[in-house]
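The following exercises are to be worked with the sequence and the model in view. Each task is followed by a solution in steps.

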Amino acid sequence: MTRQDAAGGKQTPTAELISKIREKKATVGVVGLGYVGLPLILLFARKGFATIGFDVDPEKVEKLERGESYIVHIPAASVAEELKAKRFRATTDFRLVRDVDALLICVPTPLDEHREPDLSFIRGTAGAVAPHVRPGHLIVLESTTYPGTTDELLLPILSKSGLRCPLSAYTTDGKTVTSPIELESDFLVAFSPEREDPGNKNFQTHQIPKVIGGVNAESALAAQTLYGQAFGQTVMVSSSRAAEMTKLLENIYRCVNIALVNELKLLCMRMGINIWEVIESAKTKPFGFTPFYPGPGLGGHCIPIDPFYLTWKAREYEFPTRFIELAGQINSSMPEHVVNAMAEALNQRKQCLQDSRILILGVAYKKDIDDLRESPSLRLIKLLQERGARVDYHDPYFPQLHKMRHYDFKMASVELSPENLANYDAAVIATDHSSIDYGMVVRHSRLVIDTRYATRHVAHDREKIVLC
Ligand SMILES: NC(=O)c1ccc[n+]([C@@H]2O[C@H](COP(=O)([O-])OP(=O)(O)OC[C@H]3O[C@@H](n4cnc5c(N)ncnc54)[C@H](O)[C@@H]3O)[C@@H](O)[C@H]2O)c1
């Protein structure tokens, strides 16, 4: 390291930060206390760091300050414990950014109404943070976004502070920075993609390797020092852009493979083959095959959205992302396919969709979570209503449907009882929550449209089930 203290033994801001992190004397801030930011900040608190969480939603901040959680799989006790130990507090006051040493940004990155990246949350955060940037600050973006966001959008806004963080190339061997590290930044900027899988009991936040790319070598080193305190493994890449692209590759890989099995499901249905049986059998191959599963369409904050961040950026390079576009077309046509299959099944029973009573089972975008962003169930409800069906839903995680960006259904979850099921012309299993008794659903329903193969173990009344 160079520039160590020409002026009398004093450390540079970066060297000071690194020592503070190693001694766990650094304060870690997280901006955006949602599905990603909340578990992240609690992880650093558990590891012994003082933490401050920032959010623009005063209701969330008040709940956290009372020791409550608003995310089902994050127990309130884990919030209360860190509050009590005075390792965690939440605030809407961005002036407290001055009091943190490292700031991790986990704000939303949705698409706008033209399906283009909506970076207003990142811009808003950067603008709110910039006046408070001070020497030795480490700022890491974790929100999923296109390559270039950190160095061409975030860095210039933060640099309005008047402090320096020069962009420069460096090398790594995947584990450490291998180029000489010049200590010449006043503050540090990096990107480290969030790879959280809410509700996944097999992998907790700290068990998922943390990919890190800095805008320069010292930023990468500082970020690695920080994450190394909380995560079991860090993976170093040679730029923030490579780290941003890593996350997009992961999500595009999922999106394209889900589209592939969705397309094969449609073919298998015509051929009278059960696609789920085929996947189970294919996945016995010990190499070269990763299973993906078909469903009623894509949901969640990530897979339906992130690929289009890259498609948008690729246009700047006049590069058409054909795989992504095709996968998007196939996946987004799945709710229509489910509705058509239901109309056909009713038709066979001499009924039509118009005025039929339909019960949607599950509105969360995947099983056992309380998140319905981009959920295909919402599109299913809308399509069915447009075709004249009378639709209700049941979801243990959503007693009511609140107003969303694209939908405002004003519906409440109906009880899942034998009597209620018997009142519907069809039940559609859109989300396969584990708490639901699918044997009971099949026994008491007249017709079951199963988009998840949740009824695989139900032996009775199989003539009522349509897999689709
Ligand atoms: N949810 C996931 O499974 C997941 C997984 C991997 C990556 N990601 C990515 O992580 C990012 C965050 O996603 P999430 O699911 O946690 O979103 P979320 O909506 O659950 O949480 C975002 C939080 O940010 C707050 N917020 C919005 N603007 C803010 C601002 N200017 N300042 C401070 N707080 C602000 C919101 O009030 C909210 O609490 C996104 O880029 C997403 O793509 C999400």
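**Exercise 1.** Determine whether D355 is buried or exposed.

*Solution.* D355 has 10 other C-beta atoms within 10 Å, so it is exposed. The classes are set as follows: a residue is buried if 20 or more other C-beta atoms lie within 10 Å of its own, exposed if 12 or fewer, and partly exposed in between, with C-beta atoms placed from the backbone. The residue lies in the loop between α12 (334-348) and β9 (357-361); helices (H or I, at least four residues) and strands (E, at least two) are DSSP runs, numbered from the N terminus. The phi of D355 is near 70°, a positive value in a residue other than glycine.

Two conventions apply throughout. Residues are numbered from 1 along each chain as its sequence is written. The model is predicted: local features need pLDDT of at least 70, side-chain atom pairs count only at pLDDT 80 or more, and totals for chains, interfaces and linings use all residues.

**Exercise 2.** Describe how α5 and helix α6 (residues 149-159) pack.

*Solution.* The angle is about 35° and the axes are 8 Å apart; axes are lines fitted to C-alpha atoms, for helices over the stretch in contact, and angles run from 0 to 180 degrees between N-to-C directions. The contact (C-beta atoms, placed from the backbone, within 7 Å) involves I122, R123, A126, G127 and V129 of α5 and T149, L153, L154, I157 and L158 of α6. By class, this contact has 7 nonpolar, 2 polar and 1 charged residues. Here Ala, Val, Leu, Ile, Met, Phe, Trp, Tyr, Cys and Pro count as nonpolar, Asp, Glu, Lys and Arg as charged, and the others, Gly among them, as polar.

Key: Two residues are in contact if their C-beta atoms, placed from the backbone, lie within 7 Å.
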